Amino acid sequence: MNRCSLFALLTTLASTAAGAARAGETPAAAPADSLSQLVQAQLAAPPTPSPASDPPSVPASEQLPTPPGGSEAPAQPAATAPAKTAPRPQNGEARLPAANTVTVSASRPDDMGMRQQSTAAKMIFGREELDRNGDTSVVEVLKRLPGVTIGGRPGRGSDIRMRGMGGGYTQILINGERIPPGFSIETLSPDQIERIEIMRGPVAEYSTQAIAGTINIVLREDAGPLLQQRPQLRLSDSVENGRHAPNVSFSLPGGEAVGLAYLLSGNLYENRQLNASTTDLLGVDTNGQPNLIRNTVTASDSSNRGIQLTPRFSYHFAGPDTLVFQPFLVQSKSQTHSYNTMLQPLGTDAQPYASANSQAEADSSMARLNLNWTHREREGVKIELRANLGLNHSSSTSHGLQYDSDGVLRDRIDDTSNTKANNSTVSGKYSTPFGNGHTLAFGSDIESSRRTQTNTSTDNGVAQYPESGDSLNASSRRLAGFAQDEWDINKQWSTNLGLRWEGIKTTSSTLGDSSNISSVWSPVLHAVYRLPDSKKDQVRASLTRSYRAPSLADMIATPSLSRANSAVSPDRYGNPALQPELATGVELAFEHYLTRNGIFSANLFSRNISNLMRRETSFDSSLQRWVSRPINIDKAHATGIELEAKFQVTEFFPEAPAIDIRSNYSHFWSRVDGIYGANNRLEGQPKQTANLGFDYRLRSLPLTFGAGINYTPAYDVQTSNSASTSAGIKRQYDAYALWKLSPLTNLRLSASNLDANDFYSASQVILNGVNQRTDTLARTYTIWNLKLEMKL
């Protein structure tokens with residue numbers, strides 16, 4: 001019987017069983033020698049070991065904890081002592097079968113097992129975490145993960161931060177590659193994601209632009225074993241303040257157990273949101289008397305619709321080669337209508353307007369193609385070649401009208417922007433076992449990107465700055481190389497020692513040609529010590545060097561003009577002379593693993609940063625406007641502690657209800673040299689953050705429900721000797737209920753931000769006799785989501 005016939009028969013048998021289960025029947029038993037039982041027996045049997053590729057086995061007492069879900073969790077391989085030449089799995093990958101070996105299924109460690117096995121600290125969060133709360137944006141998933149915070153108000157944040165550090169301190173990757181320019185991460189649906197990997201320290205294999213850490217988002221992969229391949233369809237609708245946001249996602253697996261396999265997946269979405277805020281501007285003179293009072297009320301109604309396609313094709317050749325082709329296609333359109341009113345009862349400054357309205361439209365498209373070829377040779381030698389090509393195009397138009405207090409049209413402001421960007425990356429990696437327990441790896445990558453942008457801004461038909469309408473051409477080239485040694489010294493000790501060099505050249509043609517060249521050497525050392533006579537306890541330590549490169553937006557000189565220019569709302573300019581920040585990092589962690597996919601851990605970290613970049617606000621007498629420019633200032637120091645507890649209550653109390661607890665707490669300290677005041681912290685970094693949640697599975701009904709709280713207290717930051725910012729408390733309550741209608745169908749109801757409190761933020765500038773402060777209060781809303789999940 002050929003493989004196509006086998007697949008057809010298995011699909012028929014699985015469909016018959018599923019139909020009987022839905023009808024409350026037990027399917028009739030097949031004959032003992034039937035094909036289905038033969039295949040099931042093969043699936044139940046342990047895979048045939050292969051000396052060159054199968055993972056080492058461990059005694060039963062050393063097997064990894066069983067993840068929640070009981071029999072549905074992937075089985076763990078049994079084990080022997082590793083051969084000296086056996087290659088180690090890298091970056092959480094599963095080992096492939098040896099050449100010419102036909103297997104119907106493959107075993108793979110669970111998320112917690114891969115975390116425990118990794119030498120460089122890596123936390124992995126798979127489908128369980130992605131699906132739990134029915135989130136429609138990956139940002140909502142990230143906010144619950146250990147040490148991760150989201151800037152901005154609840155439900156609207158997009159500044160992803162590790163250790164409270166965003167703005168380039170946290171490296172965000174998709175499939176190991178940096179996010180394409182212009183791509184909005186909050187539009188990425190969790191349904192299109194296979195897993196999220198969080199690395200607290202840099203590793204030589206990836207770019208070391210990760211002072212705070214790295215978050216790698218891995219898109220959907222192959223569907224897995226043949227019998228588990230089912231098309232999936234997910235239909236959902238979110239409601240926020242009466243505005244609906246429907247969402248449809250699908251995945252269609254296909255191919256055969258060996259040879260060609262594919263997964264066609266995509267997501268169609270539409271979001272509708274209302275944003276409303278009130279901003280009060282207060283200015284006082286040197287005697288503390290008010291000299292400027294201004295109140296602005298802003299409301300905007302926006303809609304965004306788009307499609308994301310993430311198909312994946314993989315082909316396993318007859319030999320030890322594998323070719324993977326994965327496009328990533330995104331198309332989106334948005335419309336925004338804004339309304340503003342302004343009152344200025346006191347002040348000698350001219351009031352910009354009394355009322356204003358604007359209409360904006362934006363169109364964005366992105367195509368990204370990833371090609372990955374893997375060649376495996378005898379004795380664990382592996383060669384990987386990757387190529388990536390990305391094309392981006394975005395355009396936007398905005399038309400605004402501003403009126404005076406008598407309703408007379410004062411200004412007509414028109415803005416247009418057209419941006420084209422392309423980037424390409426080619427990388428290679430060679431790894432081989434060496435000596436006693438070593439796995440050596442060498443690699444390099446070359447990245448090239450180019451961006452062309454044309455901005456036009458007119459006020460009553462007159463250009464607002466000299467470069468309006470000119471084309472900005474900016475490009476960057478990055479060359480990197482690394483060497484890495486993962487060494488299993490003995491049963492207790494493992495190390496990861498690496499060295500990476502990166503060089504970056506950035507050029508732009510705005511206000512004259514300018515270029516910037518920088519390079520960084522980054523040695524990294526990670527070590528794990530497994531306590532003797534304990535299969536659950538281990539200690540991690542690392543010493544690393546990382547950096548933060550200036551963003552292209554901070555380097556190019558094209559201005560971003562403020563419609564109500566003031567000391568607290570200045571124009572923003574770039575600085576082509578910016579240099580990268582450098583950081584030396586230390587980590588020390590203790591981890592205690594539980595037998596049911598749980599963990600207790602404590603992690604201490606420290607970062608010493610030089611060439612800190614900050615924006616300085618000043619009054620430009622030549623422009624007669626307030627402007628903000630980034631500069632390198634002094635040094636900064638950051639330390640913190642991160643605690644995590646995740647466990648099933650029944651592990652400690654067997655007769656207790658089936659409740660899972662998940663919690664984490666982080667406390668951060670930081671200091672910036674050269675800035676005075678009690679709050680001279682890293683910009684945007686809160687003092688602490690915490691998450692607490694639970695999941696409860698009823699024994700008598702196919703019902704699971706849970707809830708959680710995400711908490712970040714209010715904090716103040718002295719950003720310079722003349723400027724400061726403040727952020728109010730964030731307290732988000734989320735809850736969900738999951739009803740398992742059948743083995744193949746789930747219905748999930750979730751609510752996010754149940755206690756929808758207004759979000760407070762403020763900024764203040766005291767400079768050259770000017771003392772101005774803005775206080776903003778922004779509305780937030782509860783989001784309800786109903787999702788139907790079906791395996792067809």
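Predicted model: local features only at pLDDT ≥ 70, side-chain atom pairs only at ≥ 80, totals over all residues.
**Strand β7 and its partners**

I started with the pairing: β4 (residues 170–174) and β7 run parallel and are joined by 5 bridges. For my own record, strands pair if DSSP finds at least two bridges between them. Strands here are DSSP runs of E, at least two residues, and helices are runs of H or I, at least four residues, numbered from the N terminus. Across that pairing, Ile174 stands opposite Ile217 in β7.

Residues are numbered from 1 along each chain as its sequence is written, and side-chain values use heavy atoms, with hydrogens and water left out.

Next I looked up β6 (residues 193–199), which runs antiparallel to β7 with 6 bridges. Here Arg195 stands opposite Val218 in β7.

Then I asked how many residues of β7 (213–219) are buried. I got 7 of 7, with buried meaning under 20% relative accessible area (1.4 Å probe, protein chains only). Gly213, Ile215, Ile217 and Leu219 point one way, and Thr214, Asn216 and Val218 point the other way.

**The nonpolar core**

I moved on to the largest nonpolar core, which has 38 residues. A core is a set of buried Ala, Val, Leu, Ile, Met, Phe, Trp, Tyr and Cys residues joined through side-chain atoms within 4.5 Å. Ile196 and Ile215 touch the most other members. Helix α5 (residues 138–142) gives the most to this core, with 4 residues.

Another core lies apart, with 8 residues, among them Leu281, Ala567, Ala723 and Leu767.

Last, I checked for holes and found 7 cavities of 30 Å³ or more in the whole structure. On a 1 Å grid over the protein atoms alone, a cavity is a set of points where a 1.4 Å probe fits but cannot get out, and lining residues have an atom within 4 Å of a point. Points are joined across faces, edges and corners, and volume is the space filled by probe spheres set on them.

Technical notes:
1 Å grid on protein atoms, 1.4 Å probe; cavity = no way out; pocket = protein on both sides within 12 Å on 5 of 7 lines; lining within 4 Å. Buried < 20%, exposed > 50% of the residue type's maximum accessible area, 1.4 Å probe, protein only.
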